[in-house]
Amino acid sequence: MLGRGRDLHSERGVECPGDLPAPSDPGLVERARAAKAALGDKVFVLGHHYQRDEVIEFADVTGDSFKLAKEAAARPDAPWIVFCGVHFMAESADILTSEDQTVILPDLAAGCSMADMAAIAQVEDCWDELVEAGVADAVVPVTYMNSSAAIKAFTGRHGGTVCTSSNARTALTWALSERGGLEGDGKVLFLPDQHLGRNTWARDLGGSLDDCVVWDPHRPLGGLTVEELRAARMILWRGHCSVHGRFTTEAVAAARATIPGVRVIVHPECRHEVVELADEVGSTERIIQTIAAAPDGTAWAVGTELNLVQRLGQMFPAQRITFLEKNVCYCSTMNRIDLPHLVWALESLVDGRVVNPIRVEPQVAADARVALDQMLALPGETSKD
Ligand code: SF4
């Protein structure tokens with residue numbers, strides 16, 4: 001259960017031990033301002049695009065997970081980095097910042113359900129089974145940024161790379177290049193988002209869906225046969241985003257039926273059939289850039305996290321922006337970071353107490369850094385989540 005127990009090797013969080021301000025406290029905004037002013041340059045607040053407005057208001061910079069981690073690394077003089085996002089993002093920031101800096105997650109229960117779908121023990125077992133099946137030599141692991149530090153470290157130890165939603169195509173091309181590229185016999189173990197892996201393979205690289213298999217970590221040999229594994233090019237981990245995975249083809253059809261001239265734009269964590277029906281597909285940063293560049297009056301149905309879609313409506317009032325799917329909610333874990341938690345984290349720093357520090361074990365951090373550095377070495381690398 002989120003918020004109960006303590007498992008540092010997963011994205012599951014723990015309870016906040018301190019005294020949180022009451023959400024009804026009318027002075028919260030002023031308290032946050034005062035604490036931030038008192039801390040000055042000693043604190044740097046990062047806000048992910050999917051965060052609430054009440055939190056974004058206090059962010060020194062907003063962006064996707066990788067951009068935020070790099071922003072943190074570019075502020076070596078700030079001893080405290082308050083990361084308003086989810087656990088794997090804070091881990092990446094800790095890996096990429098100096099030892100003198102401490103990354104703070106205002107609510108440790110802000111995990112990511114997708115990252116939680118690949119536990120390191122399951123992934124190690126998967127690799128052992130791939131070795132036994134005689135296919136591991138042809139496999140390069142590629143893990144999405146949205147994974148735990150332990151999974152990134154596994155990827156680093158096995159010669160793979162991290163990827164983001166904007167460079168997944170480049171990452172797959174690189175991973176397959178050692179064994180003949182797209183026409184060769186190399187395979188990718190793609191973690192943990194099956195949809196991003198499938199969409200990148202089929203949509204961006206023109207690969208066949210028949211080359212994809214899904215590894216179910218709860219079944220022997222992932223629920224596959226040795227023959228299926230030998231024939232596959234993409235071994236997709238059975239994970240998904242609990243927000244983006246809920247957008248449907250029916251919602252796309254409904255938007256087209258009810259909004260004249262609508263353009264449908266979705267994130268590549270959406271299911272393949274939804275992505276196939278969309279007019280545009282892109283990371284959070286790409287969605288923002290695409291809408292910013294469109295002529296006034298363009299109608300958009302946007303398939304990504306609701307906080308961002310609502311903010312897009314405020315940012316671009318000349319555009320007609322709607323949320324693609326009426327049955328999709330906010331990301332519940334992103335929303336764990338609220339103003340009371342932010343005020344608590346900042347005021348604690350003012351009082352000389354560091355709450356909720358995120359520290360990745362040195363060996364895990366070193367191995368994960370190998371995979372992150374490999375991503376940075378990919379041609380034309382840009383930052384996106
Ligand atoms: S939106 Fe999806 S991938 Fe992003 S933090 Fe929430 S569950 Fe994880």
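Predicted model: local features only at pLDDT ≥ 70, side-chain atom pairs only at ≥ 80, totals over all residues.
1. Start at the ligand. Of the 13 residues around the ligand, those that come nearest are C112, M114, C241, V243 and C331.

2. Now the overall build. The protein chain contains 16 helices and 14 strands. Its radius of gyration is 21 Å, close to the 21 Å from the globule rule for 385 residues, so the chain is as compact as a globular protein of that length. Taken along the principal axes, the C-alpha atoms fill a box of roughly 65 × 55 × 35 Å.

3. Among the 385 residues of the chain, 51% count as buried. Take the contacts with a separation of 6 or more: 69% of them are between residues 24 or more positions apart.

4. How do two of the helices pack? Two packed helices are described by the angle between their axes and the distance between the axes. For α6 (residues 120-132) and α7 (residues 149-157), the axes come within 9 Å and cross at roughly 25°. Angles under 35 degrees count as roughly parallel, so α6 is roughly parallel to α7. On the α6 side, the contact uses I120, V123 and E124. On the α7 side, the partners are A150, I151 and F154. The residues of this contact divide into five nonpolar, no polar and one charged.

5. Helix α9 (194-204) deserves a look. Eight of its 11 residues are buried, so α9 is largely enclosed by the rest of the structure. The buried residues are Q194, H195, L196, G197, R198, N199, T200 and W201. Which elements cover them? The cover includes the strands β5 (139-144), β7, β8 and β9 (234-237), along with the helices α8 (168-177) and α12 (272-277).

6. Check the backbone on either side of α9. In the loop between β7 (187-191) and α9 sits P192. A cis peptide bond joins L191 and P192, with omega about -25°. After α9 comes G206, with a positive phi near 75°.

7. Two residues other than glycine also have positive phi. L221 has a phi near 50°. L221 lies in the loop between β8 (212-215) and α10 (226-231). N356 has a phi of about 50°. N356 is found in the loop between α15 (339-350) and β14 (357-358).

8. Are these two residues buried or partly exposed? L221 has 16 C-beta neighbours inside 10 Å, so L221 counts as partly exposed. A residue needs 20 or more to be buried. N356 has 24 C-beta neighbours inside 10 Å, so N356 counts as buried.

9. Last, A251. This residue lies in helix α11 (residues 249-258). With 22 C-beta neighbours inside 10 Å, A251 counts as buried. Which residues does A251 touch, leaving aside its neighbours within four places in sequence? A251 is in contact with L324 and E325. W344 is another matter: A251 and W344 are 93 residues apart along the chain, and 39 Å separates their C-alpha atoms.

Methods:
Residues numbered from 1 in each chain as written. Near = placed C-beta within 6 Å. Axes fitted to C-alpha atoms, helices over the stretch in contact; angles between N-to-C directions. Helix = DSSP H or I, 4+ residues; strand = E, 2+ residues; numbered from the N terminus. Parallel < 35°, antiparallel > 145°, perpendicular 65-115°, else oblique. Contact = placed C-beta atoms within 7 Å. Nonpolar A, V, L, I, M, F, W, Y, C, P; charged D, E, K, R; others polar. Rg over C-alpha atoms; globule rule 2.2 N^0.38 Å. Buried ≥ 20, exposed ≤ 12 C-beta atoms within 10 Å, placed from the backbone.
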